Amino acid sequence: MIKVSETAKKKVIELMQDDGYNPTTDFVRVGVKSGGCSGLSYDLKFDKENQEDDKVFEDNDIKIIVDKKSFLYLIGTTLEYSGGLNGTGFVFNNPNANRTCGCGESFSL
């Protein structure tokens, strides 16, 4: 399960609408790919349909899809949004990450 904080929910809805997606029917696709300074990096985008092997969740009225491979890395993760002075953007609070980089966009297990 992936959780979505209240601040992330508000920003996701705003960005989905700006990009022509419907937050009540479309998805946020969360994934993991090779790369980044710690070995793995997060991938976040909007999608209108899920694939056969996707895991589908809903938290805080946000529909989330995760591919089967990425799911193992993301169990228990909370998607948050930071708009503070130290940077703006989505932040993944992943309890499975042993090490993260300074920018928070990559991690290792």
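View 1. A8 is buried, with a relative accessible area of 0% (buried means under 20% relative accessible area, exposed over 50% and partly exposed in between, with a 1.4 Å probe and protein chains only). The model shown is predicted, with residues numbered from 1 along each chain as its sequence is written; local features need pLDDT of at least 70, and side-chain atom pairs count only at pLDDT 80 or more, while totals for chains, interfaces and linings use all residues. Side-chain values rest on heavy atoms, with hydrogens and water left out. Helix α1 (residues 6-18) contains A8; helices (H or I, at least four residues) and strands (E, at least two) are DSSP runs numbered from the N terminus. Apart from neighbours within four places in sequence, A8 is in contact with L79, E80, Y81 and F90, where contact means heavy atoms within 4.5 Å. The C-alpha atoms of A8 and E80 are 4.8 Å apart in space, although 72 residues separate A8 and E80 in sequence.

**View 2. D54 in the loop between β3 and β4.** D54 lies in this loop and is buried, with a relative accessible area of 13%. The side chains of D54 and R29 make a polar contact at 2.8 Å (a pair of N or O atoms within 3.5 Å; within protein, one must be able to donate a hydrogen and the other to accept it, and residues adjacent in sequence count only if both atoms are side-chain atoms). A polar atom of the D54 side chain also lies 2.6 Å from the backbone nitrogen of Q51. Not counting residues up to four places away in sequence, D54 touches R29, I65, V66 and D67.

**View 3. The aromatic pair of Y42 and F92.** Rings of Phe, Tyr and Trp (its six-membered ring) pair if their centres lie within 6.5 Å; planes under 30 degrees apart count as stacked, over 60 as edge-to-face and the rest as tilted. By this rule there are four aromatic pairs. One of them, Y42 with F92, is stacked, at 4.1 Å centre to centre and 10° between the planes. This pair links strand β3 (residues 40-47), which holds Y42, to strand β7 (residues 87-93), which holds F92, across 50 residues. Both Y42 and F92 are buried.

View 4. F57 belongs to strand β4 (residues 55-59) and F71 to helix α2 (residues 68-74), 14 residues apart. F57 and F71 are both buried. The charged end of K55 sits over the ring of F71, 5.3 Å from the ring centre (NZ of Lys or CZ of Arg within 6 Å of the ring centre and within 35 degrees of the ring normal).
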